[in-house]
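Student: Hi, could you walk me through this one? I'm new to it.

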Amino acid sequence: MMIRLGELLERFGGQLTGDPGIEVTAIAPLDRAGASEISFLSNSKLRALAAQSQAAALVLAPADEPEVAATYTGARVVTPNPYAWFARAAQFFVAQRTPAPEPGVHPTAAVHHSARVDASAHIGAHVTIEAGARVEPGAVIDAGCYIGREAVVGEDTHFFANVTFHARCVIGARGIVHSGAVIGGDGFGFAVDGGSYIKIPQTGRVLIGDDVDIGSNTTVDRGALDDTVIEDGVKLDNLIQIGHNCRIGAHTAMAGCVGVAGSAHIGKHCTFGGAAMINGHIEIVDNVHVTAATMVPNSLTEPGRYTGYFPVARNAEWERNAVLVRNLSTMREKVRALEKAVKALDAQRQNE
Amino acid sequence: MMIRLGELLERFGGQLTGDPGIEVTAIAPLDRAGASEISFLSNSKLRALAAQSQAAALVLAPADEPEVAATYTGARVVTPNPYAWFARAAQFFVAQRTPAPEPGVHPTAAVHHSARVDASAHIGAHVTIEAGARVEPGAVIDAGCYIGREAVVGEDTHFFANVTFHARCVIGARGIVHSGAVIGGDGFGFAVDGGSYIKIPQTGRVLIGDDVDIGSNTTVDRGALDDTVIEDGVKLDNLIQIGHNCRIGAHTAMAGCVGVAGSAHIGKHCTFGGAAMINGHIEIVDNVHVTAATMVPNSLTEPGRYTGYFPVARNAEWERNAVLVRNLSTMREKVRALEKAVKALDAQRQNE
Amino acid sequence: MMIRLGELLERFGGQLTGDPGIEVTAIAPLDRAGASEISFLSNSKLRALAAQSQAAALVLAPADEPEVAATYTGARVVTPNPYAWFARAAQFFVAQRTPAPEPGVHPTAAVHHSARVDASAHIGAHVTIEAGARVEPGAVIDAGCYIGREAVVGEDTHFFANVTFHARCVIGARGIVHSGAVIGGDGFGFAVDGGSYIKIPQTGRVLIGDDVDIGSNTTVDRGALDDTVIEDGVKLDNLIQIGHNCRIGAHTAMAGCVGVAGSAHIGKHCTFGGAAMINGHIEIVDNVHVTAATMVPNSLTEPGRYTGYFPVARNAEWERNAVLVRNLSTMREKVRALEKAVKALDAQRQNE
């Protein structure tokens, strides 16, 4: 597929220096882009590479424009955020060359007669859709997915193969749920009686906003009485656990293996590194950034970056340090004793 | 659905002050319960809230009775464990209003002719049941589940959609297995030969007792030669890994993302916080409680609470502390040198 | 099934002392093996147990031969690596008694007409195979698996039930992918624009070599532009996350719950304990061994064992230590002040 540079600018913005009639077929990295491709400069350190690029056109930030213009002879698209421009253009090129899933329901799918599936939606093989569920226009439900009673899948939302989306859960528009994700499993709630556990029925839902991505094998539990809420624009990577009654604020992103215990309320625009663990019943304000492998036991009431993991070392060195950590009280006692002794010595000296 | 208070007491016990003929339709939190609902006081701190509750009846503990009775004018159910009473009553109400899955096998299910499925069991769409498997009375196997050869699913046990339950594994009565769980995958066992791995066949089973809950996307591996055993009443949350040949004692509960390496033997009535990691080939006695994000490398031979994670801090502060932890040997040397110096000074002073 | 000892030696090597005509039916642990079974001595500490074994034959290392020969009267197979011999023989016995899956496509499977499935392959119930995919001879695809467009499953590779293997991904020969694994989900890549995330299309593949095992519910993401690569002989346990554009070197093994962030390049013959977390964009050389629950933020450029987790303790003790860790700067200041004070005292003493 050929597209004129001018058309790309109409779609994604930017200031063009060069011929809008130039035709390009794809987007490619700086060092690999050929004469029919467009490339981008996401980082000023790559200016030298940009100068030598064979790309038909380069997308770059205003600050990089003068230096690149001096040597690079192709067309230039100047935009404040070249990486975002690239992301949108790459989505466009991929959409052009990927066969759109055909509307309609695969003959092997089991769709309850009371479910409402829009005619423009795609329902793959072996999908199950239970009574009263709703699949909105343009949604794509790949093979093997399960959609429970009265659940709602929003417009243009895409479930990859083998997603489980339980009864009464709701996801908005343009979402992506990856394979193996389980949305709306029961929260982990029990009363204890005589040493054994009695299940508290989990009757809340999972409510997911628009533009939310959920990674492969990630699990989001339904609320106990109230709902678990994932706000607009949240991005969850793979193998994440979100407990019941959590609220994840808009445009918060979590890397793989993160765990969030029940009833944690997390603000907007937060980020969580891989395997960060968030305790239940705490609050984390907006714009908090938690480093990977960090356990957060208490509320974080101020924005900023937080970290807490034991520094890795050669095993033998770690063993020495681990022993010392275990004996820190002893070391503190020694320091206290020394302080006392030095004070005494000093006093004696003064008296002499 | 209306139910008389008296009937609830017959089912779940308790001492009634008030009219047993009062009809209620649901159970609700203290601050939201209306005149046709019952509520409960699980925590003495909420006594003031209870006094103002609009609920038709309140379930409460003997210790809370006098204070609440002074102000609250509805019916009162006194029971030693109001939260457990609530859990059981809530289960009852949910069961009343949830349509029971119909007995029978969905036409799209692939059930081997030699499998024995009780006529009262429900087998959903796209389920596969292999040769010689057995599904007991009242069991519910939702859409997309896989039940391997000669596996056994006990009475009234519920598999949510897309559970994988492998050959020869056994689960007892009243279990709940959530979506995406994989029971009976091969354990991770290899012999090393010339730098590469040779698989040890995993021929043991997974044996699961009665009243066991297993969370979404949790994995329990089959034993190598002997079996992996999950005893009665165990509750496993989501995304937990149980290695081959583990034994998890009765009424032990684990929160999400916990990992238990192979051949760990864990006692009864233990609890594990989220992402706790248990080494293989160790023993943990009964009534051990491991805090979230704690790594347990060795056996724990005494009951109690155990913890081990690096305290979280502002990133800059953590960096300072991490450097100091890495240099604890140096600090210890300095303390030793100081002790020596102070001793020397003291000795010299004595001699003067 | 009976097999002559001589035939086992022809298959798996070893030096026999005893009658090659002895027939055995299975392999069993030292303390349980009966007169028609073969056993093995994998550890010299078990010599005493070996001497009393009822096994028809024992497999053992040359170093153990003299002591065992003195007391044990059955046949002996001497081989440098008895555990590897056992692994191979156990595989053989299991293969003998396990019914081979029948070649052919289950009538409920949905196989696109343009997919090429070898006639010797087994395709189970409710499997979906998309356009242009290829399943090589002897491959076994159990029930509920999904194989995306143009994906390739190599010879004799086995997918257990409910595996998701996305478009254009490739796995070589003799692989094993366990249930719930998701291979080729989108990598976690976004451009940030005005506080919200714009998805970077993930157009790379996952390329998996020969003899690779992937555990239950493990996820391996496809590359962004380039491919994610898992080399020959890699063994991944359950619930592992491998980010986009990672490279895992040949014969590297990872225990359950490990996370590897995007673009990490890991060498050959490495091992990772459970829940080890590897940062993105780092390099780990060959023969690195990372202990369980260890976070690796930076490249590891030398082989060896690395560790980093907070030592577990009784909760009260941990609390004391955690406070001291948080206050290490204060302790360092005190030590510095003491050093200064002692130096001053010493100087004064010299001057007196």
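**Chain symmetry and contacts**

Tutor: Chain C is superposed on chain B by a rotation of 120 degrees with 0.0 Å of shift along its axis (RMSD 0.1 Å), using least squares on the C-alpha atoms of residues with pLDDT of at least 70 in both. The two copies are thus related as by a three-fold rotation axis. This is a predicted model, where local features need pLDDT of at least 70, side-chain atom pairs count only at pLDDT 80 or more, and totals for chains, interfaces and linings use all residues. Residues are numbered from 1 along each chain as its sequence is written, and chains are lettered from A and ligands numbered from 1 in the order in which they are written.

Student: Which C-alpha of chain C is nearest the axis?
Tutor: That of C:F310, 3.4 Å from the axis.

Student: Switching topic, how many residues does the contact take from chain A and from chain B?
Tutor: Chain A gives 59 residues and chain B gives 63, with contact meaning C-beta atoms, placed from the backbone, within 7 Å.

Student: And which element supplies the largest share on the side of chain A that touches chain B?
Tutor: α6(A), with eight residues; helices here are DSSP runs of H or I, at least four residues, and strands are runs of E, at least two.

Conventions: Contact = placed C-beta atoms within 7 Å.
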